[in-house]
Amino acid sequence: MKLSDQALETVSQVLIRSTIMGFILIFWWGGCLQLAGDFCYKMHSCLIPSIPEPHFHLVHYIGIMTTKLVIMVVFLIPFIAIKLVLKKRRDFSESSTLANGS
């Protein structure tokens, strides 16, 4: 394995771990709102007293969806692209090795 392949493999491992941690954050965020939504609303309404409860839930829903989109664009899609490049390189090197060995 070449040095550039090792670097790409390392970057892909960082990206997949970041993706997993991001989705854990989303599940935690959604779980907190689902299990303790009233408590969360009361805590936030102390800071922003004029926000109605439906708007509070809408803001959090949009926040979760935006976070999910960012995680997928910044971490997941580059991870998939790197894995495809590494697979193509491996397939090419195997086919050239077989051609030279015959």
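Asp 91 counts as partly exposed in this predicted model, at 38% relative accessibility. The residue takes part in a salt bridge with Lys 87, in which the closest N and O atoms are 3.1 Å apart. Lys 87 is likewise assigned to the partly exposed class, because its relative accessibility is 46%. Both residues belong to helix H2, with a spacing of 4 residues, or about one turn of the helix.

Salt bridges that share partners also join Glu 9, Lys 83 and Arg 90 into one network. In total, the structure holds 4 salt bridges, and three of them are described in this report, including the following two with Glu 9 as a partner.

The side chains of Glu 9 and Lys 83 meet at 2.8 Å, N to O. This pair links distant parts of the chain, since Glu 9 is placed in helix H1 and Lys 83 in helix H2, 74 residues apart. A second salt bridge brings the side chain of Glu 9 to that of Arg 90, with an N to O distance of 3.8 Å. Glu 9 lies in helix H1 and Arg 90 in helix H2, so this contact ties together parts of the chain that are 81 residues apart in sequence.

What is the relative accessible area of Glu 9, and is the residue buried or exposed? The value is 17%, so Glu 9 is buried, the cut-off for that class being under 20%. Lys 83, by contrast, is partly exposed, with a relative accessible area of 29%. Arg 90 also counts as partly exposed, at 38% relative accessibility.

| Salt bridge | N to O distance |
|---|---|
| Glu 9 – Lys 83 | 2.8 Å |
| Glu 9 – Arg 90 | 3.8 Å |
| Lys 87 – Asp 91 | 3.1 Å |

**The aromatic pair**

How many aromatic pairs does a search of the whole structure find? The search finds 1 aromatic pair. Its members are Tyr 41 and Phe 56, arranged edge-to-face, with 5.4 Å from centre to centre and 70° between the planes. The pair links distant parts of the chain, as Tyr 41 is in helix H1 and Phe 56 in helix H2, 15 residues apart.

Ile 64 is located in helix H2, which covers residues 53–101. With a relative accessible area of 12%, Ile 64 is buried. Leaving aside residues up to four places away in sequence, Ile 64 touches Ile 26, Trp 29, Gly 30 and Leu 33.

Ser 18 belongs to helix H1, which spans residues 3–47. Is Ser 18 buried or exposed? Ser 18 is buried, because its relative accessible area is 17%. Its side chain reaches the backbone oxygen of Val 14 at 2.9 Å.

**A nonpolar surface patch**

Which residues make the nonpolar surface patch? Leu 69, Val 70, Val 73, Val 74 and Ile 77 form this patch, whose area is about 440 Å². Two of its members are considered here in turn. Leu 69 has its place in helix H2 and counts as exposed because its relative accessibility is 55%, the class beginning over 50%. Val 73 also lies in helix H2; with a relative accessible area of 48%, Val 73 is partly exposed.

The C-alpha atoms of Leu 69 and Glu 9 are separated by 24 Å, while the two residues are 60 residues apart along the chain.

Note on methods:
Residues numbered from 1 in each chain as written. Predicted model: local features only at pLDDT ≥ 70, side-chain atom pairs only at ≥ 80, totals over all residues. Heavy atoms only, no water. Helix = DSSP H or I, 4+ residues; strand = E, 2+ residues; numbered from the N terminus. Buried < 20%, exposed > 50% of the residue type's maximum accessible area, 1.4 Å probe, protein only. Polar contact = N/O pair within 3.5 Å; in protein donor to acceptor, adjacent residues only side chain to side chain. Contact = heavy atoms within 4.5 Å. Phe/Tyr/Trp six-rings, centres within 6.5 Å; stacked < 30°, edge-to-face > 60°. Patch = residues over 30% accessible without salt bridge, like charges linked within 9 Å, V, L, I, M, F, W, Y side chains within 5 Å. Areas by Shrake-Rupley, 256 points an atom, 1.4 Å probe, with all protein chains shown as cover.
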